Structures are given as C-alpha cells and as structure tokens.
Amino acid sequence: MTQTEIVNTTTNSSIIDLETRDVNKHYGDFTAVDNVSLQIEKGSFFSILGPSGCGKTTLLRMIAGFDEPDSGDILIQGNSMLGVPANKRPANMVFQHLALFPMMSVAENVAYGLKQRKVAPAEITKRVNNALESVDLGGSGKKKISQLSGGQKQRIAIARCLVLEPKLLLLDEPLGALDLKLREHMKVELKQMQSRVGTTFIYITHDQSEALVMSNKVAVMNNGAFEQVGTPSDLYYHPETSFVAGFVGDANKWKAKVSQVDAVSCSTQVANGPTLRGKINGKSPIAVGDEVDVFVRPEAIKIVLADSNINEKDNSLQCKVVDLLFNGANSTALLEDTATGKELHVALPQTGEYLGLQKGENLIISWSQDQTHCFKSTQKTNA
Ligand code: ATP
C-alpha cells in the first residue's frame, strides 16, 4: 500500500495523520495555494518540495493553524482543524530560525512547553530526558544554548517540539541556516530520528537532495499546486510533468517539435538541431506539430567511440569536451553539441582523466530512447 495518495474519500484516521481537502489560499488576486488535496500516512516522513514562492510555507502555516484556508478543509487524524487555534492543534512547528531561549539551559528550553501546560514536575523531568535521548543529546540538559553547535541547537529545537508528543511535527526548512557539511550530516540525523520516534514529519524544502534522501514520499509543488506526489525514486525515474523532470535531479533538456508519434513514443526535431526520440510522458496527449520538452539524465548518456555501432533506437550526437568536473567518487563531463553549441552534462563513473578524456576532444555520445522523457510543453512559469 502506498503511504500517501491524493484522494477524495473519507479519512481512515487509524492510518492517516493528515488530510487536506481542496485547500485554497488567496492574497488578493494572487493564488498562493491552489486546490491542494493530499493524505499523509501515520509515521511517515513527508516532504513538500518546490522553488521559492511556490506556496510551501503558506500550506504549512495553514496545517499548523497560523493561517486559515479560504476554502477546503484540513483534518488531523480525521478531525477538522478549521477554526482550531494553533496551540490547540496536535501539531508543532520547527522554524528555520530556531527561536530557542539563549539564557535558559537546554533542559529548561525543552521543558518550556510542558510548564506552560502545567504538567507535574516529575513528569516534566522524565519527558525532557526522553526527548533529549531521542535526539541523541541525553546528558546535555544542564548546558547553556550558547554552548551548543548549530546542529545541536537544531536537535534541541526538535526535542522541544517532540516533548509535547505532537501527532505531526512540521519542519519549515530547518536546515537552511546550517553550513553545507552540517546540512549533509543533519539530513541523515533527521531521517534516523524520525524513524526512531515514529512521529509523522512534514518537511518543507526547496532543496531536492534533502527531500530525496530523507522522505518516504515527496509532493513537488509549483505555482501553489502539487505537480506530483510519489516516492523519491518515482519522481526521479518516472516524472509525470516537465516541471518535475527538470526540478528533481539533474537533466539535460531540449525544446523540440514532434515530427512523428505512436502510442508510447515520438520523434522530435530540435530547431536547427538533432532529431531526438523518446517516450511520451505526462497526462497531455502528444500530436505531430506539438512543442515538447525532452529530458535525459546525465547518467543515461554513454560516451561511445566514433567507430562503435549505435543501436538504431538510440539518440546520438557529435560533441566536444569543454571541461571535466571532478566530484570525488565520480565526475561530470561538460560537453558541447558540435552542431548547435548546446551544453550537455554527462555523468562519468570515474574521473575524466581516468577514462582518458581530454578537454577539446571530439567524441560521440548516445543514449536510449527509453531513457528519454518527452512532455508536452506548458508555458507555466513561477510567479
Ligand atoms: P520560500 O521557499 O521562499 O519560503 P514558499 O514556497 O514557502 O517560498 P510562500 O511563503 O508560501 O512560498 O509564499 C507563496 C506566495 O504567496 C509568494 O509569492 C508570496 O509572496 C505570497 N505571500 C505569502 N504570504 C503573503 C502575504 N501575507 N501577503 C501577500 N502575499 C503573500
């Protein structure tokens, strides 16, 4: 069974923690959230991924109760949250700017929400210790916030929410303020923490690598609406829209016109450029004459010797090596299509030098039509 589905059915609150039904939010004439419906299964790590301004925070704020939708409904474990204030919802939010109290100790920060709720002191001590253990900071309760590293502060902000035992933990780009190395580390920490505590995490980010690494499911958002909801590998290998193919992972992209079409594939002509063959993707049917976006992943492209046989189903191009980018375990060849000057990325399993490639060298690249995704072009752009 899948963990998240877009649905129009009654919520089964024993397996679904959050449901949004046709949620809309407008600011004047501008639609910030456009008819968003989803279900998130209990205990999952769910990310909402999209570019700046696509409506992620607006949606999260409505789930948290800091804003109300103009229409639609938000249900947590089957109960409508319309009109329920933020502090009465079984959801807590971790902000990018963590808002910890610098003069208080770690334990006092974590205990704060429980004191507000007038929980008995012995119970507070027990729950604070458990929360600190769950973020791997057991024994740090007496430290001052100023004595913690960026990643430790991040974990305290999460512990402060977890101690309140929310059904949902809402995370608004919480790694955004950390440096790159710490961000990489915290991605793994957060994923492990979520599976340890079992709370449903809803995580918003514009960073596709964060969403792919951590999530059971990802909703890709654009212009206020969901483009696709799926597992990280669904989004990467089976994108349903041109936007998802371009936004999730690296891809080479051409604009082309369809010259021939059958049930599952088409031939396309790039203006003053190559003929490319690929699979028809997306929900819009494609006809001869349509404008399409053609995508191929850098790792789908093979470098072939000039005298090798190329399968007639393959796409192939004459290219020149512009640069070799060393990434450590692998590298990227930056190539130029000799006929059009278009820049292309090709992933190499080893360094370019190891494979004997040289800058300025001419070569032929080839890739299969099964790994080429064609989508009918849309004019939609981000606001
Ligand atoms: P970012 O990643 O940059 O935080 P986001 O995807 O979270 O972006 P939102 O903050 O949800 O985007 O904003 C969505 C759109 O709604 C933006 O164009 C923003 O300018 C607009 N918007 C958000 N809040 C308001 C407001 N209070 N009044 C008017 N417009 C708003």
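Both faces of strand β9 are covered in the model: Lys217, Ala219 and Met221 on one side and Val218, Val220 and Asn222 on the other are all buried. Here, buried denotes a relative accessible area under 20%, exposed one over 50%, and partly exposed a value in between, computed with a 1.4 Å probe on protein chains only. Strands are DSSP runs of E with at least two residues, and helices are runs of H or I with at least four, numbered from the N terminus. The structure is a predicted model, in which local features need pLDDT of at least 70 and side-chain atom pairs count only at pLDDT 80 or more, whereas totals for chains, interfaces and linings use all residues. Residues are numbered from 1 along each chain as its sequence is written, and side-chain values use heavy atoms, with hydrogens and water left out.

Strand β9 spans residues 217-222, and six of its six residues are buried. Strands are taken to pair if DSSP finds at least two bridges between them. On this basis, β9 runs parallel to β3 (residues 45-49), to which it is joined by four bridges; Phe46 has Lys217 as its bridge partner in β9. With β10 (residues 225-230), β9 forms five bridges in an antiparallel arrangement, and Asn222 is partnered by Ala225 of β10.

The protein as a whole contains eight helices and 20 strands. Its C-alpha atoms fill a box of roughly 80 × 45 × 40 Å along the principal axes, and 49% of the 383 residues count as buried. Contacts are defined by heavy atoms within 4.5 Å. Of the contacts with a separation of 6 or more, 68% involve residues 24 or more positions apart.

The largest nonpolar core comprises 33 residues, and those with the most contacts inside it are Val110, Val128, Ile156, Ile158, Leu169 and Leu190. Two or more core residues are given by each of α2 (106-116), α3 (121-134), α4 (150-162), β7 (168-172), α5 (180-197) and β8 (200-205). Helix α4 gives the most, with six residues. Such a core is a set of buried Ala, Val, Leu, Ile, Met, Phe, Trp, Tyr and Cys residues joined through side-chain atoms within 4.5 Å. Leu190 is in contact with Phe45, Ile158, Leu175, Phe201, Tyr203 and Met214, when neighbours within four places in sequence are left aside. In α2, the buried residues are Val106, Asn109, Val110, Ala111, Gly113 and Leu114, and the elements covering them include α3 and α4.

Asn35, with a phi of about 55°, lies in strand β2 (residues 30-41) and is partly exposed, with a relative accessible area of 45%. Glu173, with a phi of about 45°, is found in the loop between β7 and α5; this residue is buried, its relative accessible area being 13%.

The domain assignment, which is automatic or taken from a database, gives domain 1 (7-243) and domain 2 (250-376). Their centres, taken over C-alpha atoms, are separated by 38 Å. Seven residues of domain 1 are in contact with nine residues of domain 2. The area buried between the domains is about 700 Å², of which 40% comes from carbon and sulfur atoms. Tyr236, Glu240 and Ser242 supply 68% of the area that domain 1 buries against domain 2, more than any other three residues. Buried area is the accessible area (1.4 Å probe) that two parts lose on being put together, summed over both.

Two further positions were examined individually. Asp290 is placed in the loop between β13 (275-280) and β14 (291-296) and counts as buried because its relative accessibility is 17%. Its side chain reaches the backbone nitrogen of Ala287 at 2.7 Å. Beyond neighbours within four places in sequence, Asp290 is in contact with Ala256, Lys257, Val258, Pro285 and Lys376. Gln260, located in strand β11 (residues 252-261), counts as exposed because its relative accessibility is 52%. Residues up to four places away in sequence not being counted, Gln260 touches Cys266, Ser267 and Val288. The C-alpha atoms of Gln260 and Arg277, 17 residues apart along the chain, are separated by 9.3 Å.

Notes:
A polar contact is a pair of N or O atoms within 3.5 Å; within protein, one must be able to donate a hydrogen and the other to accept it, and residues adjacent in sequence count only if both atoms are side-chain atoms.
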